[in-house]
Amino acid sequence: MISGYALYRLPYAEECCIEVQREGELERLFSVTALSGKSGFVVAPFKPDLKHPVVLMKPDFTMMVDPKRLMDAADTEMVQLVKELEENTFDRPKGEQVKNTGRGHYEIDFANFHSHILEGEFSKIVLARCARENRQGELGVVSLFVKACEMYPRMLVTLVSTKTTGTWLMATPEVLLEGDGKKWKTISLAGTMNLSENQLDFDNPPLPNGQADDSEIGWNVKNIQEQRFVSTFITECLEQYATDITERGPYTMRAGNLVHLRSDFEFSLPSTDCIGDLLNTLFPTPAVCGLPKQSSLDFIVGNEFAPRLYYSGFVGPLRPKEGTHLFVSLRCMRVDSDGCSLYAGGGLLADSKMETEWMETEYKLGTMRALFNKE
């Protein structure tokens with residue numbers, strides 16, 4: 001019996017990591033701060049509570065493998081492992097309701113959220129939605145993971161399944177915290193445009209982080225301002241814990257069929273004992289929450305039609321002295337036995353328009369929807 005498992009492939013990596021915990025219960029934490037001094041694979045919700053804690057998996061089985069090997073019918077070892085994972089994939093927690101944010105619900109949420117911006121309560125707030133869809137075809141969750149690895153080489157692709165969280169698949173571009181015990185980094189990622197609207201070449205020649213010469217792209221004031229809000233927030237957070245802080249950007253980054261504005265921050269930490277505190281200060285960033293942080297967080301939790309659960313939380317391996325790769329849980333879906341719940345959101349400012357924001361969520365939902373398209 002498996003207590004929980006995670007498959008993840010870092011951006012641009014050729015191999016994925018499989019981590020399985022077969023022995024003992026997964027550790028449940030009720031605050032991000034509690035991660036200080038911890039090590040393991042982390043699945044954190046947007047806001048921890050008794051039903052949706054931070055889950056820490058401590059694997060007793062780890063393997064590095066080319067994702068394509070997982071689908072090799074002639075590889076007896078992989079066939080047996082994939083069968084075991086599929087048979088031990090967890091459905092959503094018993095009694096948890098599924099909410100589908102239709103256009104009508106989204107319009108109501110938008111009007112509510114936007115009015116509070118115009119009244120000066122928030123300078124920015126993020127509005128998210130859930131799209132409930134039937135699964136198409138007979139693809140297993142491991143097959144979906146392998147397909148996501150093929151389609152999204154620039155992103156962290158993760159499949160994680162536990163009794164507490166259910167099963168989540170994501171392809172996310174946003175680093176929350178990465179480091180090896182000495183040098184650390186995070187990013188500011190905000191602003192979104194559909195790639196088809198721009199004639200940018202991100203692959204010829206290949207450039208770091210999927211970036212391109214964006215001198216001709218027409219980023220509007222709303223997107224530039226949104227990205228600056230996030231960058232300023234991150235700088236203020238890092239100054240409380242880090243030294244030797246450097247910022248590079250903003251520049252245009254590709255993520256699937258979308259482009260975003262990104263800035264990179266590199267820094268040093270005098271001690272890794274503060275990681276839980278740093279994460280608690282950074283998260284949730286204005287890219288998934290808003291400003292001011294606490295009041296926008298409370299407003300989202302109290303007013304958004306569909307609860308976010310583990311969407312817009314964070315996920316990844318936390319190993320402070322070896323290798324930490326925590327990413328914000330974006331472009332994700334929860335895979336249930338009776339369908340899939342896809343999640344997406346966008347930042348609202350004073351000049352935001354409902355139709356534009358709705359279409360931005362549609363573009364973002366397309367990242368996961370594309371996995372069900374026939375070849």
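Which residues in α1 meet which residues in α3? The notes below answer that and then walk through the rest of the fold; please keep in mind that this is a predicted model.

1. **Where α1 meets α3.** To answer the opening question: Val82, Leu85 and Glu86 are the residues on the α1 side, and they meet Val141, Val142 and Ser143 of α3. The axes of α1 and helix α3, which covers residues 141-151, come within 9 Å and cross at roughly 115°. That makes α1 roughly perpendicular to α3. Sorted by class, the residues of this contact are four nonpolar, one polar and one charged.

2. **How covered α3 is.** Helix α3 is mostly covered, with nine of its eleven residues buried. The buried residues are Val141, Val142, Ser143, Leu144, Phe145, Val146, Lys147, Ala148 and Cys149. If you look at what surrounds them, you will find that they pack against β1, β2, α1, β8 (156-162), β9 and β17.

3. **The sheet.** Next, please find the open sheet of nine strands. Its strand order is β6-β2-β1-β8-β9-β17-β18-β7-β14, and the pairing is antiparallel. The edges are formed by β6 (61-65) and β14 (290-291), each of which pairs on one side only. As a reminder, strands of a sheet pair through backbone hydrogen bonds, either parallel or antiparallel.

4. **From β9 to β17.** Strand β9 (residues 166-172) and strand β17 (residues 332-336) run antiparallel and are joined by three bridges. A handy place to look is leucine 169, which stands opposite methionine 333 in β17.

5. **The hairpin of β17 and β18.** These two strands form a hairpin, with two residues between them. Their pairing is antiparallel and extends over five bridges.

6. **β18 and its other partner, β7.** Strands β7 and β18 also pair in the antiparallel sense, here over nine bridges. Glutamate 133 has cysteine 340 in β18 as its bridge partner. How many of the residues of β18 are buried? Ten of the ten are, so β18 is largely enclosed by the rest of the structure.

7. **Helices on the sheet.** Helix α1 (residues 76-87) lies across β1 (4-9), β2 (16-21) and β6, and runs at about 125° to β6. Helix α4 packs on the sheet as well, touching β7 (124-133), β14 and β18 (339-348). The direction of α4 makes about 105° with that of β7.

8. **The pair α4 and α5.** Two packed helices are described by the angle between their axes and the distance between the axes. For helix α4 (residues 221-238) and helix α5 (residues 275-282), the axes come within 9 Å and cross at roughly 155°. The two helices are therefore roughly antiparallel to each other. The crossing in which α4 passes α5 is right-handed. On the α4 side the contact is made by Phe233, Ile234, Cys237 and Leu238, and on the α5 side by Leu278, Thr281 and Leu282. Six of the contact residues are nonpolar, one is polar and none is charged.

9. **A look at valine 175.** This residue is found in strand β10 (residues 175-179). Is valine 175 buried or exposed? Valine 175 is buried, with a relative accessible area of 5%. Not counting residues up to four places away in sequence, valine 175 touches Lys185, Thr186, Ile187, Leu326 and Phe327. Phenylalanine 327 is 152 residues away from valine 175 along the chain, and yet their C-alpha atoms are separated by 4.4 Å.

10. **A look at aspartate 109.** You will find aspartate 109 in helix α2 (residues 103-118). At 6% relative accessibility, aspartate 109 counts as buried. Which residues does aspartate 109 contact, leaving aside its neighbours within four places in sequence? They are Leu127, Asn303, Glu304 and Phe305. For a distance across the model, aspartate 109 and glycine 191 are 82 residues apart in sequence and 20 Å apart in space, C-alpha to C-alpha.

Note on methods
Residues are numbered from 1 along each chain as its sequence is written. This is a predicted model: local features need pLDDT of at least 70, side-chain atom pairs count only at pLDDT 80 or more; totals for chains, interfaces and linings use all residues. Side-chain values use heavy atoms; hydrogens and water are left out. Axes are lines fitted to C-alpha atoms, for helices over the stretch in contact, and angles run from 0 to 180 degrees between N-to-C directions. Helices (H or I, at least four residues) and strands (E, at least two) are DSSP runs, numbered from the N terminus. Angles under 35 degrees count as roughly parallel, over 145 as roughly antiparallel, 65 to 115 as roughly perpendicular and the rest as oblique. A crossing is left-handed if the near helix is turned anticlockwise from the far one by less than a right angle, and right-handed if clockwise. Contact means heavy atoms within 4.5 Å. Ala, Val, Leu, Ile, Met, Phe, Trp, Tyr, Cys and Pro count as nonpolar, Asp, Glu, Lys and Arg as charged, and the others, Gly among them, as polar. Two strands pair if DSSP finds at least two bridges between them. Buried means under 20% relative accessible area, exposed over 50%, partly exposed in between (1.4 Å probe, protein chains only).
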